[in-house]
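The following report describes selected local features of one protein model. Please consult the sequence and the structure shown here while reading.

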Amino acid sequence: MKRLLPFLLLLVLPALARAADFSGLSPPEGPLLVTEVVDGDTLRLEDGRQVRLVGLQAPKLPLGRSGFKEWPFAKESKQALEQLTLGKKVSLRYGGRQTDRYGRALAHLFLEDGSWVQGKMLRRGMARVYSFRDNRALVRDMQAIERDAREARRGMWALSYYAIKHHLEAGRFTDSFQIVEGVVRDVASVRGRVFINFGDDWRTDFTLVVEGKARRLFLDSDIKLSHLPGKKIHVRGWLKYYNGPMIQLTHPEQVQIVGSAPD
């Protein structure tokens, strides 16, 4: 048995290391009954409030919006959240801003057995991580769960629609939320902005832009902008067009370093 202990520890310790730390969240509010599931990241409680599962973006349904095209896997995502929560009681915990502009609660949800709803949705590949500057709690934990689901091609990750896009093809996907992969070529500071470039021509190639307020968040994080050249990264956000395809960085959790440029 003693000989088995080191081997068993090797199996157990990685799982422990991946366990999310909820100590930074607010005390639980509830439990409250879930009476309706709107889509894969939004539900309604018995007190009439809508709750947006903070940190998640599920495939979108039209929900009455004229001309809106349903995203692939939207129905499956909604069904997964129904199966997890509908008719059950949940508790709400907050890690940042508590309501959005629509009055929805921005909360982490927990079932009565203590299980974390965001984690379950991500683990099944029913949503992806979608974070904001004013709601950053547990984002790195959620990204780790998302990565496991993506590598296993669970749920939405089996579809090319949600695949990580190479920076050279980013221009085909402007006006959409994407995860983009590339090796950083250089970083330049111009008039209070930081430009993170991926190609020879900053006027046409994929670029990340960091404004002044966001720069201060990066200074206090493990993502140092000046250290990014030569690093292979994943970056997530809304692709826009500004001298080529561009994502604006508002907080460090949008960036994950996944390797270095090949020799």
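## Backbone at Pro31 and basis of the model

Pro31 lies in strand β1; strands (E, at least two residues) and helices (H or I, at least four residues) are DSSP runs, numbered from the N terminus. The peptide bond that leads from Gly30 to Pro31 is cis, with omega near 10 degrees.

The model is predicted, and local features need pLDDT of at least 70, side-chain atom pairs count only at pLDDT 80 or more, and totals for chains, interfaces and linings use all residues. Residues are numbered from 1 along each chain as its sequence is written, and side-chain values use heavy atoms, with hydrogens and water left out.

## Residues with positive phi

Most residues other than glycine have a negative phi, and most peptide bonds are trans. Leu138, although not a glycine, has a positive phi of about 65 degrees. Leu138 belongs to the loop between β7 and α4 and counts as buried, at 10% relative accessibility. Buried here means under 20% relative accessible area, exposed means over 50%, and partly exposed lies in between (1.4 Å probe, protein chains only).

Arg191 is not a glycine either, and has a positive phi of about 50 degrees. The loop between β10 (186–190) and β11 (193–197) holds Arg191, and this residue is exposed, with a relative accessible area of 86%.

## Salt bridges

Side chains of opposite charge can pair when their charged atoms come close. The structure holds 14 salt bridges, a salt bridge being a side-chain nitrogen of Lys or Arg within 4 Å of a carboxyl oxygen of Asp or Glu. One of them joins the side chains of Arg49 and Glu29 at 2.6 Å, N to O. Because Arg49 lies in the loop between β2 (42–45) and β3 (50–53) while Glu29 is in strand β1 (residues 29–39), this pair ties together parts that are 20 residues apart in sequence. Arg49 is partly exposed at a relative accessible area of 25%, and Glu29 is partly exposed at 28%. A network of salt bridges links Glu29, Asp47 and Arg49.

Glu70 forms a salt bridge with Lys75, and their closest N and O atoms are 2.9 Å apart. Glu70 counts as partly exposed at 31% relative accessibility, as does Lys75 at 46%. In a further salt bridge, the side chains of Arg172 and Glu169 meet at 3.2 Å, N to O. Here Arg172 is exposed, at 63% relative accessibility, whereas Glu169 is partly exposed, with a relative accessible area of 24%.

## Aromatic pairs

A pair of aromatic rings is described by the distance of the centres and the angle of the planes. The structure holds seven aromatic pairs; rings of Phe, Tyr and Trp (its six-membered ring) pair if their centres lie within 6.5 Å, and planes under 30 degrees apart count as stacked, over 60 as edge-to-face and the rest as tilted. In one of these pairs, the ring centres of Tyr130 and Phe177 are 4.7 Å apart and the planes stand at 85 degrees, so the pair is edge-to-face. Tyr130 lies in strand β7 (residues 128–130) and Phe177 in strand β9 (residues 176–183), so the pair ties together parts that are 47 residues apart in sequence. Tyr130 is buried, with a relative accessible area of 14%, and Phe177 is buried at 4% relative accessibility.

The rings of Phe198 and Phe206 have their centres 5.0 Å apart and their planes at 45 degrees, so this pair is tilted. Both Phe198 and Phe206 are buried. Ring pairs also link Tyr130, Phe132, Phe177 and Trp238 into a cluster.

Arg150 is placed in helix α4 (residues 139–151) and counts as buried at 15% relative accessibility. Leaving aside neighbours within four places in sequence, Arg150 is in contact (heavy atoms within 4.5 Å) with Trp157, Ile164, Ile179 and His234.

Arg150 also lies over the face of Trp157, at 5.5 Å from the ring centre. A charge sits over a ring if NZ of Lys or CZ of Arg is within 6 Å of the ring centre and within 35 degrees of the ring normal. Arg93 lies over the face of Phe110, at 5.8 Å from the ring centre.
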